[in-house]
Amino acid sequence: MHWIAHIESGPRRVNHAAAAVGERIFTFGGYSSMEANAYRSKLPIDVHVLNTEKIYLDWQEIEKPKRSSPQYSVTPFQRYGHTAVAYGRKIYIWGGRNDHIACNTLFCFDTDTFLWSSPATTGIVPYSRDGHSACIIGTCMYIFGGYEEEFERFSQEVYALDLETMHWTYVVTKGESPPYTDFHTGTAIGNRMYVFGGRSDRAAPNTSEHDFYPNEIMYLDTDTCMWVSPVVNGDVPLGRRSHSAFLYNNELYIFGGYNALVNQHFNDLYKFNPFTCTWSIVQTVGICPKERRRQVCIVVANKMYLFGGTSPIRDPVYDDGGDSPDDHELMDHDDLHVLDLDPTLKTLCMLCVINNKMNHSCLPKDLIQDLNLLKANLWIFDQMTL
């Protein structure tokens with residue numbers, strides 16, 4: 001696996017949410033310390049789109065609805081800690097908060113028309129929260145955990161929203177549930193929702209100053225509603241929160257995150273094989289992203305796109321889990337990294353030519369064009385002119 005691109009000047013966001021539909025990635029909201037006033041009101045959420053098939057990778061912002069538009073009332077307010085899942089050609093946004101309130105209204109974004117709607121739902125609607133996880137299994141969006149603002153408590157409940165009937169169900173599960181956590185990850189593999197990591201509390205579901213970071217992986221069998229804690233082997237990742245998870249070739253990958261108990265941000269990449277229940281460290285080639293948390297990782301075809309997040313700019317102070325007091329010690333990112341999960345021989349050869357600064361004037365014109373395209377999307381640390 002090779003890191004093949006690093007581009008800056010994208011949306012500078014943390015705790016944002018994104019989903020891919022076809023070749024396009026849509027990212028919604030997130031927190032930016034440079035736009036703090038946007039999180040004290042109910043201004044419309046921002047939406048950026050990345051077309052992964054374009055020659056040059058760059059984000060485009062979709063125009064927000066004006067206050068006089070009918071769209072304004074059905075557009076979610078700017079937020080962070082929410083989730084986004086794709087179902088067909090639509091993306092569903094749920095949960096999250098701004099600096100004053102959390103939300104439990106469902107919103108739907110049509111990726112063909114760029115229009116918002118707020119579908120009416122029935123059933124047992126989950127309480128407002130942020131830091132939960134969401135994934136699609138069958139026709140349902142499953143959510144787990146998070147932090148319930150209304151009761152100031154962590155959650156370990158499961159809810160399912162059938163996106164065909166728009167009916168919410170409180171899922172009565174069997175077996176021992178994962179710990180009460182927020183900012184974990186929940187990933188669908190077949191009929192299972194795999195939950196890993198997150199931040200919990202020794203006093204959970206209540207909060208105290210005694211965080212802990214579980215590193216057990218568990219899954220919910222949605223056919224039987226049974227929680228299962230598989231016996232795992234291999235190199236198990238250290239517990240962490242605000243990491244990213246993505247699925248490729250039916251294997252689960254974990255990138256980055258943060259553990260306050262060891263005061264460490266991560267930029268490691270782990271792989272979990274659900275068939276053998278084995279963890280392994282993934283060694284990548286190329287310039288790896290900085291250690292970070294609160295980023296997003298999205299897979300399109302055989303490439304993973306990582307963007308945003310925050311990193312320490314000097315020795316960070318102890319983080320009590322909030323968005324302050326250590327924000328002044330962190331740097332929010334506007335960058336985009338691309339990891340080629342299955343590079344072709346052609347890509348590997350072109351990277352070799354670029355990295356070794358080899359003369360390529362004798363190559364065919366179409367290959368030179370491909371080389372120049374790859375160069376255009378590479379970010380070189382010594383700022384050399386390509």
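**Close-up views of a predicted model**

**View 1. A look at I124 and its loop.** I124 sits in the loop that links β10 (122–123) to β11 (129–130); strands here are DSSP runs (E, at least two residues), numbered from the N terminus. This is a predicted model, where local features need pLDDT of at least 70, side-chain atom pairs count only at pLDDT 80 or more, and totals for chains, interfaces and linings use all residues. Residues are numbered from 1 along each chain as its sequence is written, and side-chain values use heavy atoms, with hydrogens and water left out.

View 2. V21 has R24 in β3 as its bridge partner. Two residues lie between the strands, and G22 takes a positive phi near 65°. Four of the five residues of β2 (residues 17–21) are buried, so the rest of the structure largely encloses this strand. Buried means under 20% relative accessible area, exposed over 50% and partly exposed in between (1.4 Å probe, protein chains only).

**View 3. The salt bridge of E148 and R129.** The closest N and O atoms of E148 and R129 are 3.2 Å apart; a salt bridge needs a side-chain nitrogen of Lys or Arg within 4 Å of a carboxyl oxygen of Asp or Glu. E148 belongs to strand β14 and R129 to strand β11, so the pair ties together parts 19 residues apart in sequence. E148 is buried at 2% relative accessibility, and R129 is buried at 0%. Through shared partners, salt bridges join R129, E148, R153 and E157 into one network.

Notes. Pairing = 2+ DSSP bridges.
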